[in-house]
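Colleague: Could you take me through this structure? I would like to go through a few of its parts one at a time.

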Amino acid sequence: MGVIDGILDIITLIITGIMGIFAGVLYGAVIPVGNYFQALKQSIDSGKAKYRSMIKVMKGVYAAEASVSAEEGALGEGHQFASEDYRILNDAEEPAFQAYFFKRAYEDFKNTYETSRTKDKISSMTEELRMKKNFETAARGFYIVRSSLMRSLVIVWGNIIRVVFSGVYLFIIALASLGRYSLLYLISFIEKFHRLRGNIFTACPYCYEKQYLPYYICPSCGAVHKKLTPGRYGIIKRKCCCGNRLPSTFFNGRSKLKSICPSCKKELNTREAIPLCIPVMGGESVGKTCFIYSAVSELAEEAERNKKWSIGFLNSNQQAFYKEKAQLLKNGVLPLKTPKTKIAAFNFLVNPSSLKERLIYLYDVAGEMFEDETALREQRYYEYCSGIVFIIDPLSIHKIADKYKVSEDFVNSKPSSMELNDILDFMLINLQSNYGIRADEIINKPLAIIINKVDVFNLQDKLKEKMPLDNEGEKNITDFQSEICKEFLKGAGEEKFLRKLEYRFSNYKFFPVTILGQLDGKKEFNTYGSKEPMIWLLNQLDNSIFK
């Protein structure tokens, strides 16, 4: 019986071994394939869960954190916005879903490869344990052969499967990504070309910081998108963490979203129009604030007559603010003295809602700032200003002041106490010290020099004596009146001032202006010539504006 049992054991071992060969080959071929696709599904599901968790954390941070103060004015004095409306995440992540083929697809590819390799190792170890468990049974031949073949095939065949399937997977990802990346580069090029061609940037009218783009606000959840441009979160549009889809480019409505300054967090409304930034400079009491409202008022009236171009405002609040100030000025009520602090720039649009739309920034620089280098340094708009308006009070010139200072009209005109050369020197020193302008460098920014109060003591008539007739052309009129103004200043002993202008500026013109003139004792102010320097200056900056 012992011999027969031995023979039967050998036969059983051979038969089970043969069966183990088939099972080992089959299992060794199938298991790596199954492991790879299980790893693929697991990686995708894990990526989705991780991303949903991240978005959930973002929403929680937004709900708990408000980084914009309710005490900061959104549209200027008297306008505020609620702090809970705008919520900013402290890190660099955007509150939006990443486009799958820009990052997550490659993360899933990597995770699938590593997970499938781990699963193959686990399958091999599991099979080895199964063999040891059944080593003493009658079917040990089956388990020994199957386990040996399967573990060998899982290692060899599994590596082949991973390489082949990963290659196919990567090819599919690359093929699907190719069109998206091509579109991304095309749209990004159009976006950058548009901004570079128009020199478009964001200039905050409150803190004066220059930015590439503002932070944009999701209208649904109030999340702040710090970089709403074509990229990994979307090319034409992106999906906010709340599910709302936001435009990511200038041509599909991004500028219509609410936005805030990245620096001071005050609300902006730039419309992504081409900015033209113009500081209005001069000594104390030369009429800078009055000039701004008077010039815009005359430009608006001229636009109504001309019809070839138009004037507009960023919103109804700014329009109401302008109308109120302009009407008070016409009624003989002077604006408040400009404080020696940062004040919001005055904005208006030329040719709104057209291809020639330009956003004008007028900066009212307090005269006292020219005596304070620190305060002057804070006026960051010099770094990116397009042109300059320089206002002269002729009654601040000693030769003219000595002649008329006994007159009651001289006192009523409130002459400025600052000398022309001092103001010009402060401006040039500021440009040299803080903005990289060399002491011998010629400044190419256009400069409109306004001689104000020319109505006092008939100075206006004296300046107009040699003016050409209208039929000689507007250009000739501008040149002639500029020459007359230069002669007037030369006769007043300001040769040094004129030499500095000639030496440091390549493009400048003089303009006679009356901002607070009064006729026949009337209380209302009569303005003259306020729009001409602005039209000349804007034409120098962009000659397509008024065409």
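Colleague: In which sense do β13 and strand β14 pair, and over how many bridges?

Modeller: This is a predicted model. In the model, β13 and strand β14 (residues 447-451) pair in the parallel sense, over five bridges.

Colleague: Which residue of β14 is the bridge partner of F390?

Modeller: The bridge partner of F390 in β14 is I449.

Colleague: And how many bridges join strand β9 to β13?

Modeller: Three bridges join strand β9 (residues 274-282) to β13, and these two strands also run parallel.

Colleague: How many residues of β13 are buried?

Modeller: Strand β13 covers residues 388-392, and five of its five residues are buried.

Colleague: Which residues lie on each side of β13?

Modeller: I388, F390 and I392 are on one side, while V389 and I391 are on the other. Both faces of the strand are covered.

Colleague: Why do the side chains go to two faces?

Modeller: In a regular strand, side chains alternate between the two faces of the sheet.

Colleague: Let us change topic. Where does E191 lie, and is E191 buried or exposed?

Modeller: E191 belongs to helix α3, which spans residues 140-198. E191 has a relative accessible area of 3%. The cut-off for buried is under 20%, so E191 counts as buried.

Colleague: Which residues does E191 touch?

Modeller: Leaving aside residues up to four places away in sequence, E191 touches Y212, T249, F250 and R254.

Colleague: Now for cavities. How many of 30 Å³ or more does the structure hold?

Modeller: There are two cavities of that size.

Colleague: Which residues lie nearest the centre of the largest cavity?

Modeller: The largest cavity is lined by 14 residues, and P205, N269, L314, Q318 and N347 lie nearest its centre. The lining divides into eight nonpolar, five polar and one charged.

Colleague: Which strands supply at least two residues each to that lining?

Modeller: Those are β8 (267-268) and β12 (358-364).

Colleague: And what lines the second largest cavity?

Modeller: Its lining consists of P214, Y216, S255, L257, S259, L268, N269, T270 and R271. By class, that makes four nonpolar, four polar and one charged. N269 is listed in this lining, and N269 is also among the residues nearest the centre of the largest cavity.

How values were computed. Residues are numbered from 1 along each chain as its sequence is written. This is a predicted model: local features need pLDDT of at least 70, side-chain atom pairs count only at pLDDT 80 or more; totals for chains, interfaces and linings use all residues. Side-chain values use heavy atoms; hydrogens and water are left out. On a 1 Å grid over the protein atoms alone, a cavity is a set of points where a 1.4 Å probe fits but cannot get out, and a pocket is an open set with protein on both sides within 12 Å along at least five of seven lines; lining residues have an atom within 4 Å of a point. Grid points are joined across faces, edges and corners, and a volume is the space filled by probe spheres set on the points. Helices (H or I, at least four residues) and strands (E, at least two) are DSSP runs, numbered from the N terminus. Ala, Val, Leu, Ile, Met, Phe, Trp, Tyr, Cys and Pro count as nonpolar, Asp, Glu, Lys and Arg as charged, and the others, Gly among them, as polar. Buried means under 20% relative accessible area, exposed over 50%, partly exposed in between (1.4 Å probe, protein chains only). Contact means heavy atoms within 4.5 Å. Two strands pair if DSSP finds at least two bridges between them.
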